[in-house]
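User: Hi! I'm new to this one. Could you walk me through it?

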Amino acid sequence: LAFPPSRSLEVQFGLTFPCPTAARIGKTEGVRDFSFGRVLGEGSYSTVYLATDRQTLKEYAIKVLEKRHIIKEKKIKYVNIEKDTLNRLTEHPGIVRLYYTFQDENSLYYVLDLCNSGELLGVLKKTGTFDVECARFFGAQILDSIEYMHSRGVIHRDLKPENVLLDDSMHVKITDFGTARLLTDPRAPPTAAGAGAAAARPDDRPGRDKQQDDTRAESFVGTAEYKIVELDYGFPPGFPPAAQDLIERLLVLDPERRLTIEHIKNHEFFDGQTFGKQLWRMKAPRLR
Ligand code: ATP
């Protein structure tokens, strides 16, 4: 990974690296400041490595994107949206934090929080189902994170168990902001309709965002498998009634009629549940 630093492709890209967070904390890092370990995972346009800061010995996940591949696949916009969004969401434990970005001749690098316990989807596949305690804990952490991102004017638009990572204490960290919508005024939270306009089209992948309207996200992005079209689903016998009631109020075709975050937090399913700072000091329940 000993490429000489070069800014030539940055100009060609219109990419704005490094990230302001690094500048704020008075540090600029480069590839040589990290020792790279095993591959943690691969995406369509990236490879994620375990990496250690040579000086502090702190471990990170470093996402590496090959510039030529990004150009070829026309994903420049996706790359910049992800960086700009993560730079806006640096103060919440439920969002994967972007510490540094840098580049060399061939690649772009995002230095991220390490999520050692993988994706929520993997955990769900392994356990089969979550009991009420687990569902409430993960649900509360996801909800708290969504509330924060909305307060900062960010609509994720592709939330799914694959994009909910878990750190080594099994706490949630939301990732994959490549198709996020950034509202120009971060103080203005998105409407339920705006946040709900994340219906998917089968061919939709990151970067297929066509709508430029900043007040309401009406473009189609997301993942086709999670599209609500028929509302054709059922509950197994013995399903907890409070959970069933909450799901029925969330899986509603008309986004205007879905529960808001405040309503969800006050729903019977979350009775007695703590939100805010204290939630992130809680020990995750044991998976059964
Ligand atoms: P695609 O781009 O195809 O939608 P993706 O969004 O999952 O895929 P990446 O964000 O590059 O692509 O992640 C690739 C894989 O690396 C993920 O599936 C995940 O398992 C792992 N990964 C991503 N970020 C982290 C992280 N911060 N900590 C640990 N593992 C990670």
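Analyst: Happy to! Among contacts (heavy atoms within 4.5 Å) in the protein with a separation of 6 or more, 66% are between residues 24 or more positions apart. This is a predicted model, where local features need pLDDT of at least 70 and side-chain atom pairs count only at pLDDT 80 or more, while totals for chains, interfaces and linings use all residues. Residues are numbered from 1 along each chain as its sequence is written, and side-chain values use heavy atoms, leaving out hydrogens and water.

User: How many helices and strands are there in the protein?

Analyst: Nine helices and nine strands, taken as DSSP runs numbered from the N terminus (helices H or I, at least four residues; strands E, at least two).

User: And what percentage of the residues count as buried?

Analyst: 47% of the 288 residues, where buried means under 20% relative accessible area with a 1.4 Å probe, protein chains only.

User: Which residues touch the most other members of the largest nonpolar core?

Analyst: Phe 138, Met 149, Val 172, Phe 177 and Phe 270, out of 47 residues. Such a core is a set of buried Ala, Val, Leu, Ile, Met, Phe, Trp, Tyr and Cys residues joined through side-chain atoms within 4.5 Å. Helix 6 (132–151) is one of the elements supplying at least two residues; its nine are the largest share.

User: Switching topic, where is Asp 104?

Analyst: Asp 104 sits in the loop between strand 4 (98–103) and strand 5 (107–112). A polar atom of the Asp 104 side chain lies 3.0 Å from the backbone nitrogen of Ser 107.

Definitions and conventions:
A polar contact is a pair of N or O atoms within 3.5 Å; within protein, one must be able to donate a hydrogen and the other to accept it, and residues adjacent in sequence count only if both atoms are side-chain atoms. Buried means under 20% relative accessible area, exposed over 50%, partly exposed in between (1.4 Å probe, protein chains only).
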